[in-house]
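Please examine the model shown below.

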Amino acid sequence: MFQYPRRFAQIALSFLPFFLAFLRDRHRFIVFGRSRLVTEAQHKERAQKLRDTLVDLGPTFIKIGQVLSTRPDIVPLVYAQELITLQDTVPPGPFEEIQAIVAADVGVDAYDEFDPDAIAGGSLAQVHVARYEGQRVAVKVRRPNVVDVIEVDLRVVRRLLPVVIAIAPRRHHFSLRNLADDFERVIREELDFDREGRMMEEIGANFADVDDVKIPSLYSEASSERILTMEFVESTKITDVGELRTEGFDPVEIAHHIADTYFKMGIVDGVFHGDPHPGNLGIDKRGRIVFYDFGMTGRFTPEMQEAIVSLYLAAAARDTERMIDVLIDLGVLDRNVDRGSMNQVLDLAIKNLEGKGISDWRALMLEVNSILHEFPFRIPPDVMLLIRVGTVSEGVLRQLDPEFDILSAAQTFLVAHGYRKRGAETWFEGVRDDATMSARSTVRIPAKLERVLDTVQRGELEVEGLQLQQPLIAIARALAYALITASWVIGSAILTNTNPTFGLIGWLIALIMTVMFLIALHNTRTRE
Ligand SMILES: Nc1ncnc2c1ncn2[C@@H]1O[C@H](COP(=O)(O)OP(=O)(O)O)[C@@H](O)[C@H]1O
Ligand SMILES: [Mg+2]
C-alpha cells in the first residue's frame with residue numbers, strides 16, 4: 001500500500017540528523033573530516049531532540065524509547081535519563097470512532113451513561129468515564145487503527161534495523177537484535193487488552209487481602225481485546241506532594257509503602273506492575289495506593305525471584321563469583337562467559353562505588369550493565385521490565401522522599417519476610433555501614449556513574465579503532481550513504497509536490513549523495 005513508503009520516508013528523514021551526528025562523532029564519515037568531542041551539554045540537547053522526535057513519530061517509537069531507556073549498556077546515560085520520562089499525551093480522537101468500537105465489542109446499550117469527553121489519552125488508548133450496572137466505571141478504549149499504524153512501523157523498523165546494526169559497534173549487534181525482538185513483544189502485549197485485563201485481575205487477587213493497596217476491579221463481560229471496563233477509582237496523583245500533605249498523608253511513609261508493594265509483587269508474588277510512572281499511581285481518600293495501567297507487566301518464575309534476591313545479596317556482600325552465577329541463572333550472562341575477567345570487572349565495579357555497597361537497583365543495574373557491555377549478553381524482557389520499575393520508581397520515590405534509601409527499604413523487607421536469616425549478622429554488619437553512608441553515596445553515585453560510563457566509552461572508542469577492519473568501516477560508510485541517499489530521494493519526491501524549489505535542491509543533494517555512495521561502494525570492492 002501507499003502507507004508504507006510514506007511512513008518509511010518520514011521515519012528515515014526523522015532519524016537522519018541523528019545518524020549524521022552519530023557518524024560524525026564516531027569518525028566514520030569521510031567527507032566531514034575528523035572525529036569531534038561532544039560535550040555533555042550537546043549530548044543532553046541531542047537527547048531532548050531525540051525524545052521529541054520519538055514522541056512525534058508516535059506509539060511505536062515512544063515504546064522504542066522507553067525500552068532503550070532501560071538499556072544503559074547500549075544507550076549512554078544522558079540519553080537513557082531523557083528517555084525514561086517518555087510519556088505521551090494525545091488529544092482524544094473523534095467520539096464516533098470510539099463509540100463504534102464500543103458498539104461492536106460491548107454493545108451501545110451496555111452502559112447506562114457514557115461521557116464523550118475523555119479523561120485521559122495516550123497514544124494507544126483513551127479513557128472515558130461511564131456508568132455500568134449503576135456503578136461508575138472507567139472505560140479504556142484502544143484507539144482506532146492504532147494496530148495498523150504499529151504494524152507498518154514495525155515493518156519499517158525491521159527494514160532499518162540492519163542499517164543501524166551495520167553502523168553500530170560490533171559487540172552491540174547481539175544486544176540490538178535481541179532488543180528488537182523484545183521490543184516487539186512489549187508493544188504487542190501492550191496492545192492486547194485481554195492480557196491487560198487478566199494481569200489486572202491476577203495482581204488484584206494478590207492484593208485482595210491487603211487493605212492499603214487498591215487495584216481497580218475489572219468488568220470482564222464488558223471488556224474485550226480493545227476495551228477495558230473497570231471500577232472507577234478516584235485518587236490524588238502520586239507526585240502531587242503538596243496536595244497529599246494537605247490531605248494529611250506523609251510522603252515519606254507513602255514512599256516506603258510503594259517500595260514495599262513493589263517488593264511484594266516482585267519477590268513474593270512474581271507478577272508485577274511494570275510501569276510506575278506518576279500517571280499510573282495515586283493515593284485515594286483512605287490513603288491506599290492505587291495502581292492504574294497494567295499494559296506493561298512482568299512475571300518471574302520462582303527461580304528468577306530467587307536469583308534476583310541472590311543477586312542483591314551477593315552484590316551487597318561483594319561476592320563477585322556468586323554474582324556471575326546469578327547473572328547466568330537470570331539468563332543475562334552466557335554460561336561460557338570468561339569468568340576470570342568477569343570477576344575482575346565486577347570487582348572493579350564494586351570498588352568503583354568505593355566499597356560502599358550498592359545503594360539502589362538503578363545504580364546496581366547501571367553499573368553492572370556499563371561493565372558488561374563488552375560481553376555478548378541479553379536482558380530477558382521480564383528483567384528489562386524490572387529495570388524499568390527500578391529506574392522509573394526511583395524518580396517517584398525521590399520526589400516523595402528525597403532521602404529515600406532503597407537499600408535499607410529492601411533490607412527491611414527481606415528481613416520481615418524471612419528471606420535473610422542465615423549469616424544475617426555478618427551481612428548486616430556491612431549493610432549497616434552502607435546504610436549510614438547511603439545518604440551521601442546516593443548523591444555521589446550519579447556523578448560517579450557518569451564518569452564510569454565516560455571512561456568505558458572512551459575505552460570503547462579505542463577498542464573500536466583497533467577492532468574494526470578497514471573494509472568493514474568502508475562497508476558501513478557505503479551503507480550510510482545508501483540510507484542517506486534513499487532518504488533524500490524519497491524526501492525530495494515529497495517536497496517536489498509541495499515546494500518545487502526545495503524539491504530541486506533535494507534532488508541535487510540526492511544526486512551528490514548517490515555519487516558519494518558509488519565511490520564508497522567502489523572503495524569497499526577494491527579493498528576486498
Ligand atoms: N480504573 C480507573 N479509575 C480512574 N481513573 C482511571 C482508571 N483507569 C485509568 N484511569 C485514568 O486514566 C489514565 C490513563 O489510563 P492508563 O491505563 O494509564 O492508560 P495509558 O496506557 O494510556 O497510560 C490514568 O492515568 C488514570 O488517571
Ligand atoms: Mg498510563
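An oxygen atom of ligand 1 is placed 2.9 Å from an N or O atom in the side chain of N280. Taken alone, ligand 1 exposes 540 Å², and the protein buries 82% of that area. Two elements each give two or more residues to the shell around the ligand, namely strand 4 (135-142) and strand 6 (227-231). All of this refers to a predicted model.

Further polar contacts involve other residues of the shell. For K140, a polar side-chain atom lies 2.8 Å from an oxygen atom of ligand 1. For G279, a backbone N or O atom lies 2.7 Å from an oxygen atom of ligand 1. In total, 14 residues surround ligand 1, and the closest are K140, E231, G279, N280 and D293. Sorted by class, this shell comprises eight nonpolar, three polar and three charged residues. The space that ligand 1 takes is the second largest pocket.

The sheet may now be considered. Strands of a sheet pair through backbone hydrogen bonds, in either a parallel or an antiparallel manner. Here, four strands form an open sheet with mixed pairing, in the order 5-10-9-7. Its edges are strand 5 (213-214) and strand 7 (236-237), each of which pairs on one side only. Strand 7 pairs with strand 9 (residues 281-283) in the antiparallel sense, over two bridges. Within this arrangement, T236 stands opposite I283 of strand 9.

Key
Residues numbered from 1 in each chain as written. Chains lettered and ligands numbered in written order. Predicted model: local features only at pLDDT ≥ 70, side-chain atom pairs only at ≥ 80, totals over all residues. Heavy atoms only, no water. Near = heavy atom within 4 Å. Polar contact = N/O pair within 3.5 Å; in protein donor to acceptor, adjacent residues only side chain to side chain. Areas by Shrake-Rupley, 256 points an atom, 1.4 Å probe, with all protein chains shown as cover. 1 Å grid on protein atoms, 1.4 Å probe; cavity = no way out; pocket = protein on both sides within 12 Å on 5 of 7 lines; lining within 4 Å. Sits in = over half its atoms within 2 Å of the grid points. Nonpolar A, V, L, I, M, F, W, Y, C, P; charged D, E, K, R; others polar. Pairing = 2+ DSSP bridges.
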